[in-house]
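Please look at the sequence and the model before reading on.

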Amino acid sequence: MTLTAREPSRLWSPERRWPTTGILLLVTLFAFEAMGVGTAMPTMVRELKGEALYAWPFLANLAASVMATVFSGRLSDRRGPKPAILIGVVLFLAGLVVAGVAENMAVLLAGRVLQGFGVGFLIVAVYVLIAVAYPEDSRPAVFGALSAAWVIPSLVGPAVAGWATEHLSWRWVFLGIIPLVLLGIVLLVPVLKKLPPHAETPPMRKYLPLAAVAVGLGVVGLSWGLQHRTWWLIAVALLLLAPALRVLLPKGTLLARRGLPVTILARGLLAGTFFAVEGFIPLTLSVVHGYSPLEAGIPLTLSALGWASASMWASRHPEIERHTLVRTGFLFVATGVAAVTLIAPTWGPAFLTPVLWAVAGAGMGMATSSVGVLMMAASPEADRGFNSAALQISDMLFSATMIGLGGVLVVATAPTAGVVVLNLSMAALAVVGAILTGPRMRATLET
């Protein structure tokens, strides 16, 4: 008897009210931390005299997070999600404390590594917990709510972090959320206690720890190498990634094989095409059209609202097949990405950017939540952790690669020309995603 054998219920029914609140609170706090660190980082490195190491708190966190997803997936498949959640919370809290009291860059980096490990463990374990604690036809609503949990941090996170940094201290970006993290885990304790014994034995997979380290270093090396056009580092990163991905992704992922592999690939294509373009929208609006930082950030706010709204809308329409929503989402992303190419020239209608980018955000909302549902439906109990980790790795790998390639294009050419090439290339890649997905993902449910 497992929790998934119960009759389906709403997310806020008495038996699921607390786990839903706990999961959403933790995800919201991760989002606040992610948004706040970017805002406070200039002040942090200046006070700690670490300007030369500015990028490393982000890179160290990314490397640790990628590695931790693999370890969390394996642990969740062997023991269920509870140990991974507890380990993740301890590591994340430790990272917040260490970073919050840091007196030099070395200690700050240590804190960021601990935070990365904590988030990596928790995100994968939360996916597995959703599969265990919620009936299958309630999962679209859960994944929709997860997307919505990023909205408030996206809207107010940078402003709150900026206010705290200016009027209190940047340390509160870390220390201020500790009580809420503790509250989140307290809310999850009842459901963790009720989890059934984990009986499934995961398949034997060789070299997982080595592959985890290799993919973490490879993603960071590839990101740094592309952004700084360090070609030898790119070559080393690819040599690390090639064998590691064969171990860490379902067979046939990079070949878009039907079913689960193309589902994992879809997550990466969505993240890569969207975030590569989004990263250069504020730059284009500021440099080409003279927008203020506040004005240049408005399209990103509208995009976050579009993302959450579309995700919640999709969760309320279970009659629409998820693979249809993924294909539709790709087409929305392709439309929004192609349309914002119009703002690259000085004569472009920059005032339309918030609306155009909200379209792309809506595509991400309906597609990414649906990918999560399809992945979980295709995963036997013994592989839920492995497949959830593969989903995160695909997301991080394609995001780092496409953002890095975008930087190369913009730096190597005139900014306007680079943005045009980048946007049209990403729009074409999103169309490829639409072609590869759709009915070809239906086999996922039969895997």
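## The chain as a whole

The structure is a predicted model. Its protein chain contains 17 helices and zero strands. Of the 447 residues in the chain, 57% count as buried.

Among contacts in the protein chain with a separation of 6 or more, 82% are made by residues 24 or more positions apart. The chain exposes about 18400 Å², and carbon and sulfur atoms supply 70% of that area.

## Helix α3

Helix α3 covers residues 81-100, which is 20 residues. From the first C-alpha to the last, helix α3 reaches 28 Å, close to the 28 Å expected at 1.5 Å a residue.

Several residues of α3 are buried, among them the glycines Gly 88, Gly 95 and Gly 100. Pro 81, Ala 84, Ile 85, Val 89, Phe 92, Leu 93, Leu 96 and Ala 99 are also buried. Seen down the axis of α3, the buried residues fall within an arc of 160°, so they line one face of the helix.

## Ile 152

Ile 152 belongs to helix α6, which spans residues 151-167. Its relative accessible area is 53%. Because exposed means over 50%, Ile 152 counts as exposed.

Ile 152 can also be placed relative to Ala 304: the two are 152 residues apart in sequence, while their C-alpha atoms are 9.0 Å apart in space.

Note on methods. Residues are numbered from 1 along each chain as its sequence is written. This is a predicted model: local features need pLDDT of at least 70, side-chain atom pairs count only at pLDDT 80 or more; totals for chains, interfaces and linings use all residues. Side-chain values use heavy atoms; hydrogens and water are left out. Helices (H or I, at least four residues) and strands (E, at least two) are DSSP runs, numbered from the N terminus. Buried means under 20% relative accessible area, exposed over 50%, partly exposed in between (1.4 Å probe, protein chains only). Contact means heavy atoms within 4.5 Å. Accessible areas come from the Shrake-Rupley method with a 1.4 Å probe; for residues, only the protein chains shown count as cover. The expected span of a helix is 1.5 Å times one less than its number of residues. The arc is that of the directions from the helix axis to the C-beta atoms.
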